[in-house]
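Here is a tutorial dialogue on reading a structure.

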Amino acid sequence: MSDLVLVTGASGYLAGHIIDELQGQGYRLRGTVRSTAKAAELTQLTGVEFVQADLDSDAGWAEAVAGCRFVLHTASPFPVAEPEHADELVRPAVDGALRVLRAAAAAGVERVVLTSSVAAVMIGNQEHRNTEADWSDVNACNAYEKSKTLAERAAWDFAAVHPELELSVINPGMILGPIQRAACNTSVDAVRLLLAREMPGVPDFGFAVVDVRDVAIAHRLAMELPRAAGNRYICAGDQVSLPEMARILADSYRVPTRVLPNWLVRVAARFNPAARTAARYLGRTENVSSTKAADDLGWTMRPVRQSLLDTAASLIRFGIVPNPGATS
């Protein structure tokens with residue numbers, strides 16, 4: 001198999017695993033990076049052609065998509081803290097998605113697979129089990145959730161007037177799993193905080209989680225399977241709380257397991273940015289269904305325990321956190 005595939009945001013956590021997955025299936029890979037210096041850091045990605053292209057500029061995108069049969073658009077800003085203005089995330093997410101789609105359509109790309117999020121599905125809809133028919137209420141979204149919702153909406157609007165370009169969308173939950181280099185991304189930061197014992201206890205909230213390797217497989221399936229065109233796919237399991245994650249990790253490592261009362265988290269949020277972020281999630285339910293991905297794509301997920309332990313082992317291996325020590 002020699003089809004050329006472009007993966008945008010090649011330096012990203014998910015993108016690296018997608019590249020591994022596709023190389024394992026014999027595809028040729030091209031990746032976009034924001035600078036040549038960033039490409040030089042990606043020593044774990046061998047056999048990949050890198051092209052400089054940024055979501056904020058048209059420069060480089062025609063070269064990036066040239067000769068590609070498929071494009072997997074994973075690049076999108078994902079900050080640890082809420083920005084002062086939502087537009088700091090919304091504008092590059094929406095404009096970047098449209099830049100990629102315009103370039104792909106002009107180059108005759110067959111299909112684009114867009115990485116969205118359950119954040120584009122469930123916000124304001126938590127009273128029922130969410131499916132791909134649901135869309136987040138942007139008036140109830142924080143900046144990141146709004147950026148994912150509006151970027152995906154813009155992509156579907158573009159696809160509606162460009163039927164020659166197939167579009168498929170993956171909506172993952174909170175992504176866990178091993179990192180590939182010494183860089184800690186936002187989604188595994190909860191595991192890092194537990195291993196580093198930077199919190200006196202564990203806030204009581206959770207997420208619908210999924211392993212990064214399984215999300216990579218979902219992207220490949222959405223790219224390859226004809227029936228995936230024109231569809232969005234939720235890829236996430238049941239909600240797992242931070243206290244549950246801590247208890248799983250505590251079987252192997254010394255991590256905090258005491259559950260912090262909600263009132264204490266809210267008080268701490270007045271002074272601590274991390275607590276402020278945590279307070280926004282208190283009481284929120286993430287109840288999503290991945291039945292469509294299972295039925296249409298034949299997609300499956302590995303156990304959460306494996307994802308957590310593999311995440312922890314990689315954070316320690318790359319020196320992101322010191323080994324917290326095994327429990328006796």
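Q: Which residue in E9 does Leu 176 stand opposite?
A: Strands of a sheet pair through backbone hydrogen bonds, either parallel or antiparallel. Here Leu 176 stands opposite Asp 211 in E9. Strands here are DSSP runs of E, at least two residues long, and helices are runs of H or I, at least four, all numbered from the N terminus. This is a predicted model: local features need pLDDT of at least 70, side-chain atom pairs count only at pLDDT 80 or more, and totals for chains, interfaces and linings use all residues. Residues are numbered from 1 along each chain as its sequence is written, and side-chain values use heavy atoms, with hydrogens and water left out.

Q: In which sense do E7 and strand E9 pair?
A: Two strands pair if DSSP finds at least two bridges between them. E7 and E9 (residues 206-211) are parallel, over three bridges.

Q: How do E9 and E11 run, and how many bridges join them?
A: They run antiparallel, joined by three bridges. In one of these pairings, Ala 208 has Gln 239 in E11 as its bridge partner.

Q: What is the strand order of the open sheet?
A: The order is E7-E9-E11, three strands with mixed pairing. Strands E7 (174-176) and E11 (239-241) are at the edges with a single partner strand each, so one side of each has no neighbour in the sheet. From one strand to the next, the twist averages 55°. Angles run from 0 to 180 degrees between N-to-C directions, with axes fitted to C-alpha atoms, for helices over the stretch in contact.

Q: Is E9 mostly covered or mostly uncovered?
A: Take burial by relative accessible area: buried is under 20%, exposed over 50%, partly exposed in between (1.4 Å probe, protein chains only). E9 is mostly covered, with six of its six residues buried. Gly 206, Ala 208 and Val 210 point one way, while Phe 207, Val 209 and Asp 211 point the other.

Q: Which helix packs on the sheet?
A: Look for contact, meaning heavy atoms within 4.5 Å. Helix H12 (residues 304-317) touches E7, E9 and E11, and its direction makes about 60° with that of E7. The buried residues of H12 include Ser 307, Leu 308 and Ile 316. Their cover includes E7, helix H6 (189-196), E9, H7 and helix H8 (242-250). Just after H12, Gly 319 takes a positive phi of about 75°.

Q: How many residues does the largest nonpolar core have?
A: In soluble globular proteins, nonpolar side chains tend to be buried together. A nonpolar core is a set of buried Ala, Val, Leu, Ile, Met, Phe, Trp, Tyr and Cys residues joined through side-chain atoms within 4.5 Å. The largest here has 68 residues, and Val 5, Val 7, Leu 22 and Leu 72 have the most contacts inside it. Helix H7 (residues 212-224) gives the most to this core, seven residues. A second, separate core has 32 residues, among them Leu 4 and Val 112.

Q: Where is Ser 147 found?
A: Ser 147 lies in helix H5 (residues 143-160). Ser 147 is buried, at 0% relative accessible area. A polar contact is a pair of N or O atoms within 3.5 Å; within protein, one must be able to donate a hydrogen and the other to accept it, and residues adjacent in sequence count only if both atoms are side-chain atoms. The side chain of Ser 147 reaches the backbone oxygen of Tyr 144 at 2.7 Å.
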